[in-house]
Amino acid sequence: MGVTMTDISAIRTIGLVGGGVIGAGWAARFALAGYDVKIFDPDPEIGRKVEEVLANARRAQQRMLGALLPVEGTVTVAASLAEAVAGVDFIQESLPEVEELKQRVLKEIEAAARPDVVIGSSTSGLLPSRLQSVLVHPERFVVGHPFNPVYLLPLVEVCGGEQTTQATKDIAAALYTECGMQVLHVRVEIDGFIADRLLEALWREALWLVNDGVATTAEIDDAIRYGAGLRWSFMGTFLVYRLAGGEAGMRHFLSQFGPALKLPWTKLVACELTDELTDRIAAQSDDQAGGIDLRTYERKRDDCLVDVMTSLKGNDFASGATLKAHAERLAAKKSVASEPERADAPLPLLSTFVDTAWIDYNGHMTEWAYLKLFGDTTDVLLARIGAGLDYVAAGHSFYTVETHLRHLGQARLGEAVRVTTQILGADAKRLHVFHSMTGADGSVIATAEQMLVHVDAAAERSAPMLPAVAAEVEALARAHADLPRPDAVGRSIALPAAKVPA
Ligand SMILES: NC(=O)C1=CN([C@@H]2O[C@H](COP(=O)(O)OP(=O)(O)OC[C@H]3O[C@@H](n4cnc5c(N)ncnc54)[C@H](O)[C@@H]3O)[C@@H](O)[C@H]2O)C=CC1
Ligand SMILES: C[N+](C)(C)CC(=O)CC(=O)[O-]
């Protein structure tokens, strides 16, 4: 099926050329987003390598998104380049960073692929105008520069060349976004794009510091990870330095620290990678790694990245906002259709998916999260009876004065949970409710019995409900009067009789 230039819903299968660090990372990113992947790499070990990267990626993404993840796409190792790209709906090239090689293979890709299919390139700095110049259809070529590990880091720089159409950039950007990535549009075509210009400046300086015997690889990494690296995970250099300028902000920062830039402390030219320096860096790096193998280190890195992004998700900030939006998109695709109320059944008030922030060290939804969801359900009920935020603003409210929570099963990350509410009774000032939470398989995993008291909020005293609310409560209480009373109502916590010490 063809893909129109404005529609990515027709994209099902993605062809990957090059399956090294980045190509295998793309395979995992796309497959875990539900796309089928065909990958070609002449490396005879390609199948094993991709499988290992995919296993680590699956583990990390499950920690981050759990049951929200879509059904995983298939990953097929193709026997030839033509097999990997023929008939696919999008292509991502991740060949070694050599312009002539990329140009030669891009021509081979074009000869085997559909003429309209978008070709993304992972190049970290080569100019798209030069790469696309060899193509018959250069308009469908665009750079999509990712960051390692591609399956976790959201950033992808999208940069078109002189002949790239806007539609091509839009398709690539839409696809990457759909896979949970954060697109940074590089508006001016420039060697190294934006991020690698910055990374390379730091990297040059780091190599000089080792070369000049100022610091070891481990000391330089400490200088980053205990300081600036921590704040870079959520604020970039400009925002960080604005805050460092105190109340006078960026102007003060520039006037105080600007003159030092002219000293200059940094060299900003490449140091010669002599055999001696390469040996020294490699030996220090081996020493620093402490004999831990690559895949184990990758898992450590992935765990830390997931923890950082999950925390930032709670703050709805930086990459956390990207993750939150992605989780919401995935949840919307799986969303449970809202249920109509029935007179002969408890009210269906809340449907949601278990969030990463609610998971404990056992991998299950933690205690307080149950109370939060039951509390949220009560809020939905209050809105339903006309006691929502306007009612509160007018000085009336309900306070919860007693809760009895029971835990009967487990909810896991991303699982769909649903809460229904039965009105057990009410009088002029009190509302007695029973919430029941079911998991994805429909079994009850928790219940909460609550007593709410209506209050005059300003006086902080109980008070009768306003007539309109009282009428809604009465109607619901009457409708629920004939429902079977849950066994757990009124139960208290106690050991079974036989276990009570005499
Ligand atoms: N490693 C990194 O940190 C990042 C790399 N990139 C970019 O991604 C691209 C790939 O880099 P890496 O994955 O790091 O390199 P890599 O060396 O790990 O992988 C390159 C792969 O291409 C394969 N290959 C060589 N000739 C081929 C051909 N004719 N057809 C198919 N496959 C072929 C090789 O067998 C190898 O597996 C480069 O353009 C690089 O600049 C982008 C972001 C980060
Ligand atoms: C070293 N590198 C230039 C290939 C790095 C990148 O392009 C991005 C990254 O993951 O750091």
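Residues are numbered from 1 along each chain as its sequence is written, and chains are lettered from A and ligands numbered from 1 in the order in which they are written. In this predicted model local features need pLDDT of at least 70, side-chain atom pairs count only at pLDDT 80 or more, totals for chains, interfaces and linings use all residues, and side-chain values use heavy atoms, with hydrogens and water left out.

Me: What does glutamate 157 touch?
Reply: A contact means heavy atoms within 4.5 Å. Not counting residues up to four places away in sequence, glutamate 157 touches residues including Val143, His145, Leu184 and Phe193. Aspartate 221 is 64 residues from glutamate 157 along the chain, and their C-alpha atoms are separated by 25 Å.

Me: Why do valine 21 and isoleucine 22 get the labels they have?
Reply: Valine 21 is exposed because its relative accessible area is 58%. Isoleucine 22 has 23%, so it is partly exposed. Valine 21 lies in helix α1, residues 21-32, and isoleucine 22 lies in helix α1 as well. Leaving aside neighbours within four places in sequence, isoleucine 22 is in contact with Ser94, Ser122, Pro146, Asn148 and Val150.

Me: How do you know which residues carry the "binding site" label?
Reply: The label comes from an unreviewed UniProt entry and covers Gly18, Gly19, Gly20, Val21, Ile22 and Gly23. UniProt positions are given in the numbering used here, feature names are shortened, and annotations may be inferred rather than shown by experiment.

Me: What other spans does UniProt name?
Reply: The unreviewed entry lists residues 13-187 as "domain: 3-hydroxyacyl-CoA dehydrogenase NAD binding". That span is 39% helix and 21% strand, with its end C-alpha atoms 28 Å apart. The annotation "domain: 3-hydroxyacyl-CoA dehydrogenase C-terminal", also from an unreviewed entry, covers residues 192-260. Residues 192-260 are 72% helix and 0% strand, and the end C-alpha atoms are 26 Å apart.

Me: What makes up the domain assignment of the chain?
Reply: The bounds come from an automatic or database domain assignment. It gives domain 1 (5-192), domain 2 (197-291) and domain 3 (347-480). The C-alpha centres of domain 2 and domain 3 lie 52 Å apart.

Me: Which peptide bonds are called cis, and what is omega there?
Reply: The bond from asparagine 148 to proline 149 is cis, with omega near 5°. Proline 149 is in the loop between β6 (141-145) and β7 (155-160). A cis peptide bond also joins leucine 263 and proline 264, where omega is about -20°. Proline 264 is in the loop between α10 (249-257) and α11.

Me: What is phi at alanine 318 and at glutamate 460?
Reply: Phi of alanine 318 is near 50°, a positive value in a residue other than glycine. Phi of glutamate 460 is near 55°, again positive in a residue other than glycine. Alanine 318 is in the loop between α12 (294-315) and α13 (319-334), while glutamate 460 is in the loop between β13 (444-456) and β14 (461-462).

Me: Why is each of these two residues called exposed or partly exposed?
Reply: Alanine 318 has 34% relative accessibility, so it counts as partly exposed. Glutamate 460 has a relative accessible area of 60% and is therefore exposed.

Conventions: Helix = DSSP H or I, 4+ residues; strand = E, 2+ residues; numbered from the N terminus. Buried < 20%, exposed > 50% of the residue type's maximum accessible area, 1.4 Å probe, protein only.
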